[in-house]
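This report describes the architecture of a single protein chain, from its overall dimensions to selected residues. The sequence and the model are shown below.

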Amino acid sequence: MIRRTLALSILSLGSFFLPAQAADLVAIGALSQSDYRLLSEDLGAALSYKPLQPSEPLGVLGFDIGIAATATKLENSANYAAAFSGSVPTSLVVPTLRASIGLPLNFDVGVSYGVVPDSNIELWGAELRYAFIAGGTATPSVAVRASYTTLAGIDQLKFNTTAVDLSISKGFAMFTPYAGIGKVWVNSTPDATTGLAAEDFDLNKVFVGLNMNLAVINIAVEGDKTGDATSYGIKFGWRF
């Protein structure tokens, strides 16, 4: 029941704010191995964890919750069109519900859940972040993050990403710009009936963003380049 409620909430967000997509991933076995690799690379960029918040720790029982959406330009969509039941979007839009909470010793944990509109793609994610430099009035915050995402809803594919990144941020009044670099490891395992082999590889990651705490609402915007694909994201919520 909780999962269904989350899915309906996210799909409503996607239907209201985002262009329609028709991208059920149902025929992976129709791809060559090289095209399956290209699909996996684009999915790795689109479905890996996106921070959408600065490096500074939330503090004990501080929280950052919101509704977000990221759009990733698919670099190779023409190569794997045969795997989809409908038209392949040039960009994959992923709306998500997200929540992070602060822990002692400058640790934060976060979770996310997303459903791609008009698609069988669901996404779960989690992060653990440690700000080894908490930052202050004159100094920036610097943090290291470990994150994980896993795909659900596609019978022919088991897909997950693991990532680490290093980020820095510095607040100025209500604005906090941030930036980071990292590495994403992709594990893409097709069902044995497809005749395809698993793909395991890594992608370089860079990102920049701006968090704006406007008292009644918190807004974060972010640009990300993972591998060859570029993503843009926005999140609306509350951060205290």
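Among contacts in the protein between residues at least 6 apart in sequence, what percentage joins residues at least 24 apart? The share is 62%, where contact means heavy atoms within 4.5 Å.

The model is predicted, so local features are reported only at pLDDT of at least 70 and side-chain atom pairs only at pLDDT 80 or more, whereas totals for chains, interfaces and linings use all residues. Residues are numbered from 1 along each chain as its sequence is written, and side-chain values use heavy atoms, with hydrogens and water left out.

**Overall architecture**

The secondary structure comprises two helices and ten strands, and from the N terminus the elements follow the order α-α-β-β-β-β-β-β-β-β-β-β. The radius of gyration is 18 Å, close to the 18 Å that the globule rule gives for 240 residues, so the protein is as compact as a globular protein of that length. Helices (H or I, at least four residues) and strands (E, at least two) are DSSP runs, numbered from the N terminus. The radius is taken over C-alpha atoms, and the globule rule is 2.2 Å times the number of residues to the power 0.38.

Along the principal axes, the C-alpha atoms fill a box of roughly 55 × 35 × 30 Å. Of the 240 residues, 49% count as buried; buried means under 20% relative accessible area, exposed over 50%, and partly exposed in between (1.4 Å probe, protein chains only). The protein exposes about 10700 Å², of which carbon and sulfur atoms supply 67%; accessible areas come from the Shrake-Rupley method with a 1.4 Å probe, and for residues only the protein chains shown count as cover.

**Strand pairing**

Two strands pair if DSSP finds at least two bridges between them.

| Strands | Sense | Bridges |
|---|---|---|
| β1 (residues 63-73) and β2 (residues 91-102) | antiparallel | eleven |
| β1 and β10 (residues 229-239) | antiparallel | nine |
| β2 and β3 (residues 107-115) | antiparallel | seven |
| β3 and β4 (residues 122-133) | antiparallel | nine |

Leaving aside neighbours within four places in sequence, Thr 70 is in contact with Lys 50, Leu 52, Leu 92, Val 93, Val 94, Tyr 232 and Gly 233.

β3 and β4 form a hairpin with six residues between them, in which Asp 118 in the turn has a positive phi of about 55°. Asp 108 stands opposite Arg 129 in β4.

**Nonpolar core**

The largest nonpolar core has 28 residues, and those with the most contacts inside it are Leu 25, Leu 39, Leu 43, Leu 47, Leu 92 and Leu 157. At least two residues of this core come from each of α2 (33-47), β2, β6 (157-169), β7 (175-190) and β8 (199-213). α2 supplies the largest share, five residues. Such a core is a set of buried Ala, Val, Leu, Ile, Met, Phe, Trp, Tyr and Cys residues joined through side-chain atoms within 4.5 Å. Apart from neighbours within four places in sequence, Leu 39 is in contact with Leu 25, Leu 31, Tyr 80 and Phe 84.

**Aromatic pairs**

A search of the whole structure finds six aromatic pairs. The rings of Phe 107 and Tyr 130 have their centres 4.6 Å apart and their planes at 25°, so this pair is stacked. Phe 107 lies in β3 and Tyr 130 in β4, so the pair ties together parts that are 23 residues apart in sequence. Phe 107 is partly exposed at 29% relative accessibility, and Tyr 130 is partly exposed at 32%.

Tyr 113 and Trp 124 form a tilted pair, at 4.3 Å centre to centre and 45° between the planes. Tyr 113 belongs to β3 and Trp 124 to β4, so this pair ties together parts that are eleven residues apart in sequence. Tyr 113 is buried, with a relative accessible area of 3%, whereas Trp 124 is partly exposed at 33%. Rings of Phe, Tyr and Trp (its six-membered ring) pair if their centres lie within 6.5 Å; planes under 30 degrees apart count as stacked, over 60 as edge-to-face and the rest as tilted. Ring pairs also link Phe 107, Tyr 130 and Phe 132 into a cluster.
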